[in-house]
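Reader: I would like to go through this model with you. Could we begin with the terms and then turn to the residues?
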Amino acid sequence: WPYKAAGQAMEVIPRTLAQNCGINVIRTLTKLRAKHADEPLGPWGINGDTGDVVNMRELGIWEPLQVKQQTIKTAIDSAKMLLRIDDIVSGISKRQEAPKKKAPEVEGDGDNVDSERQMPE
């Protein structure tokens with residue numbers, strides 16, 4: 001399910017663009033998915049001015065693959081860093097909550113104890 005979650009996170013971009021255009025979000029995203037299903041590597045996107053699903057190449061909009069790859073890598077690294085920080089913070093709080101161990105009590109009445117070792121004779 002990690003790939004599905006990443007795909008849903010990426011869907012936020014066209015959804016937000018559609019909302020900002022003031023168009024029907026569900027209908028537009030359905031059209032966009034249909035275009036991507038017909039042509040998986042096609043240059044389909046949402047025109048920010050009209051809200052139509054259009055060929056981005058015809059509009060002269062290019063987004064290099066390197067930019068997408070770096071964006072995804074940065075997002076994943078940020079998520080990993082947040083998870084590490086969360087693990088560290090939760091580990092510290094667990095240590096503080098754990099009861100402190102008491103020193104073992106020495107048996108006897110204290111008269112027959114070696115003062116250097118604190119152990120009964």
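Author: Contact means heavy atoms within 4.5 Å. This is a predicted model, in which local features need pLDDT of at least 70, side-chain atom pairs count only at pLDDT 80 or more, and totals for chains, interfaces and linings use all residues. Residues are numbered from 1 along each chain as its sequence is written, and side-chain values use heavy atoms, with hydrogens and water left out.

Reader: Which residues does Thr-28 touch, not counting those up to four places away in sequence?
Author: Thr-28 touches Ile-23, Ile-46, Gly-51 and Val-53.

Reader: Which residues make up the largest nonpolar core?
Author: Seven residues do: Ala-18, Val-25, Leu-29, Leu-32, Trp-44, Ile-46 and Val-53. Such a core is a set of buried Ala, Val, Leu, Ile, Met, Phe, Trp, Tyr and Cys residues joined through side-chain atoms within 4.5 Å.

Reader: What does Leu-29 contact, leaving aside neighbours within four places in sequence?
Author: Leu-29 is in contact with Pro-14 and Arg-15.

Reader: Changing topic, what lies over the face of Trp-44?
Author: Lys-35 does, at 4.3 Å from the ring centre. The rule asks for NZ of Lys or CZ of Arg within 6 Å of the ring centre and within 35 degrees of the ring normal.

Reader: How many aromatic pairs are there?
Author: The count is zero, where rings of Phe, Tyr and Trp (its six-membered ring) pair if their centres lie within 6.5 Å.

Conventions
Rings of Phe, Tyr and Trp (its six-membered ring) pair if their centres lie within 6.5 Å; planes under 30 degrees apart count as stacked, over 60 as edge-to-face and the rest as tilted. Buried means under 20% relative accessible area, exposed over 50%, partly exposed in between (1.4 Å probe, protein chains only).
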